[in-house]
Amino acid sequence: MNKFLKSVADVLETDDLTLDTPFRETEGWCSLKAFGLLVLLENDWGAPTAIEKFMALKTVRDLLREAFIAFAAGVLKVPREKLSGTTGMGDIPEWDSVNHLRLVMEAEPRFGVAYPLEKIPSIKTIDDFIHAFVV
């Protein structure tokens with residue numbers, strides 16, 4: 001289990017978690033766990049999320065996207081608002097080939113994942129980074 005999934009699983013008090021898990025449907029879901037996820041996103045993953053936006057998130061993948069966008073914004077030195085799941089290399093001037101490799105190299109230890117060398121050329125967007133996670 002990668003670092004992000006592990007941190008979310010700890011808040012939700014479950015070992016049965018995938019990126020596609022609807023987190024509000026986990027056993028024992030309550031407002032305290034919702035608050036825990038908001039604190040986790042802000043404090044551990046640098047992704048403060050407004051309650052309105054949080055309410056629209058459905059799956060663990062949605063939570064991960066928020067964390068990854070905050071991470072990518074830091075690496076690329078751009079405001080989070082400039083990025084979405086569909087943003088990719090070439091969409092903004094800061095995301096060039098060098099910063100693309102920085103995203104790969106810095107995401108691996110940060111999220112506890114690996115990107116196999118053969119997959120890196122097919123990673124084009126934020127969502128591609130998330131889909132390519134290998135633990």
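Val-104 counts as buried, at 4% relative accessibility. Buried means under 20% relative accessible area, exposed means over 50%, and partly exposed is in between, using a 1.4 Å probe and protein chains only. This residue, Val-104, lies in helix α5.

A quick word on the model: it is predicted, so local features need pLDDT of at least 70 and side-chain atom pairs count only at pLDDT 80 or more, while totals for chains, interfaces and linings use all residues. Residues are numbered from 1 along each chain as its sequence is written, and side-chain values use heavy atoms, with hydrogens and water left out.

Now for the helices, which are DSSP runs (H or I, at least four residues) numbered from the N terminus. Two packed helices are described by the angle between their axes and the distance between the axes. Here the axes are lines fitted to C-alpha atoms over the stretch in contact, and angles run from 0 to 180 degrees between N-to-C directions.

| Helix pair | Angle | Axis distance |
|---|---|---|
| α1 (residues 3-12) and α4 (residues 60-76) | roughly 120° | within 11 Å |
| α4 and α5 | about 130° | 10 Å |

What do these angles make of α1 and α4? They are oblique to each other, and α4 and α5 are oblique to each other too. Angles under 35 degrees count as roughly parallel, over 145 as roughly antiparallel, 65 to 115 as roughly perpendicular, and the rest as oblique. The crossing of α1 and α4 is right-handed, and α4 also passes α5 in a right-handed crossing. Right-handed means that the near helix is turned clockwise from the far one by less than a right angle.

Next, a look at the backbone. Most residues other than glycine have a negative phi. Glu-13, though not a glycine, has a positive phi of about 55°. You'll find Glu-13 in the loop between α1 and α2, where it is exposed, with a relative accessible area of 65%. Lys-77 isn't a glycine either, yet its phi is positive at about 60°. This residue sits in the loop between α4 and α5 (97-111), and Lys-77 is exposed at 69% relative accessible area.

Finally, which helix holds Phe-35? It's α2, covering residues 31-44. Phe-35 is exposed, with a relative accessible area of 53%.

Technical notes. Helix = DSSP H or I, 4+ residues; strand = E, 2+ residues; numbered from the N terminus.
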